[in-house]
Amino acid sequence: MSKQVDVGFEPKIWLHYFAIFLAFLIIILLVAGALVTSNEAGDSVPDWPLSFGRWLIHSDNFIANVRYEYSHRFIAGVVGFTTFLLALSIWFSEKRKWVKTLALLAFVGVVAQAAIGGIRVWFPAYKPQIAVPHALIAQSFFGLIVALAVFTSRGWFVERQTIKDEGGVALRTLTVATIGAVLLQLVLGAGFRHGAWGIIPHIVGAGLVAGLIIWTASAVLTRHDERWIRRPAWAVLGLMILQVGLGIAAYFARVASKDDPQPLEPMISLTASHVVVGALTLAAMVVLTARCYKVLAPQNAGVNEKAMSSARKATV
């Protein structure tokens with residue numbers, strides 16, 4: 001039977017729901033960003049941080065591709081302000097210093113993301129090069145918010161039996177490696193969409209990520225019966241299959257529409273869906289990794305209760 005961990009304070013579940021709400025807003029922002037790229041609307045607003053010299057543009061300017069770019073900026077502003085409120089709430093409500101540090105990093109990340117977006121507008125000739133760090137920070141920021149949602153959840157404070165992790169490469173190591181590969185693959189995809197490089201690095205990355213996800217999820221499902229870590233393993237496996245299918249469909253739609261005068265459907269919807277499912281795959285890996293660190297003992301810690309207890313306390 002599970003029970004609440006006595007860590008000297010009660011979990012503040014409202015912070016968990018606040019982080020989930022912010023993660024949802026970020027998904028909307030990722031869709032908006034994907035629509036800007038797919039519609040080649042990144043240069044439609046010439047100035048930054050203002051838009052046509054105003055914070056709120058005139059309705060006469062809200063036309064054609066400006067709709068995509070300005071909507072992206074507006075949603076980004078909402079996400080930035082919500083991140084500030086979440087960081088402030090965690091800073092004054094949380095007692096775990098490392099959670100406070102993560103919240104501060106999230107706020108720094110969203111500010112950096114806005115600054116890189118502005119640099120992109122100021123230096124359009126370097127669009128492909130700037131798009132790469134823009135994508136890296138965007139996805140890292142999203143993963144960090146998902147992690148905060150995990151660390152503030154009620155399930156994180158439930159005491160669970162620490163489990164031995166035997167049978168191959170340690171899942172603590174494997175999950176971190178897979179997160180790194182997923183993040184790299186998302187950046188490779190952004191670089192391809194913005195013309196920084198061709199499709200080959202993205203295809204090679206897809207094979208690597210698919211292999212790592214299958215390896216990681218299979219290891220979880222074959223070694224352990226704990227539902228708390230099996231559920232995100234199934235989720236990441238399903239998302240990976242969906243993502244590969246969307247990637248193939250988006251590529252052939254892009255090839256078929258290469259002579260079109262402007263981006264058209266279904267290429268736009270397929271590309272935007274591919275970006276979102278990629279981010280959700282990263283989110284599922286973040287959840288799986290955090291939970292593996294919570295319940296699995298380090299392989300080099302042996303099986304004695306003292307070592308496993310130390311591992312458990314390190315994640316509280």
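Let me start with T175, which at 0% relative accessibility counts as buried. The model I am showing is a predicted one. T175 sits in helix 5. Leaving out residues up to four places away in sequence, T175 touches T216, M285, L288, T289, C292 and Y293.

What covers them? As for its length, helix 6 covers residues 200–223, which makes 24 residues. From first C-alpha to last it reaches 35 Å, close to the 34 Å expected at 1.5 Å a residue.

Helix 1 can be checked in the same manner. It runs over residues 13–38, and its 26 residues should span 38 Å at 1.5 Å a residue; the end C-alpha atoms are 38 Å apart, so the two values agree.

Next, the loop between helix 1 and helix 2. As background, most residues other than glycine have a negative phi, and most peptide bonds are trans. E40, which follows helix 1, has a positive phi near 50°. E40 belongs to the loop between helix 1 and helix 2, and its relative accessible area of 63% makes it exposed. F52 is in the loop between helix 1 and helix 2 as well. Its phi is near 55°, again positive in a residue other than glycine. F52 is partly exposed, at 32% relative accessible area. The loop also holds P49, and the peptide bond from W48 to P49 is cis, with omega near 10°.

Now the aromatic residues. How many aromatic pairs does a search of the whole structure find? It finds eight. In one of them, W156 and W228 are tilted, with 6.3 Å centre to centre and 45° between the planes. W156 lies in the loop between helix 4 and strand 2, and W228 in helix 7, so the pair ties together parts that are 72 residues apart in sequence. Are these two buried or exposed? W156 is buried, at 3% relative accessibility, and W228 is buried at 6%. Both belong to one aromatic cluster, which is formed by W98, F151, W156 and W228.

Which helices supply at least two residues each? They are helix 4 (127–151), helix 5 (171–193) and helix 8 (267–295). Helix 4 gives the largest share, six residues. By type, the lining has eight nonpolar residues, three polar ones and no charged ones.

One last item, from helix 7, where L242 is found. L242 is partly exposed, at 45% relative accessibility. L242 and V277 are 35 residues apart along the chain, and their C-alpha atoms are separated by 7.7 Å.

To go back over the main points: T175 is buried, W156 and W228 form a tilted pair, and the lining of the second largest pocket has no charged residues. That is all from me.

Notes
Residues numbered from 1 in each chain as written. Predicted model: local features only at pLDDT ≥ 70, side-chain atom pairs only at ≥ 80, totals over all residues. Heavy atoms only, no water. Helix = DSSP H or I, 4+ residues; strand = E, 2+ residues; numbered from the N terminus. Nonpolar A, V, L, I, M, F, W, Y, C, P; charged D, E, K, R; others polar. Buried < 20%, exposed > 50% of the residue type's maximum accessible area, 1.4 Å probe, protein only. Contact = heavy atoms within 4.5 Å. Expected span 1.5 Å × (residues − 1). Phe/Tyr/Trp six-rings, centres within 6.5 Å; stacked < 30°, edge-to-face > 60°.
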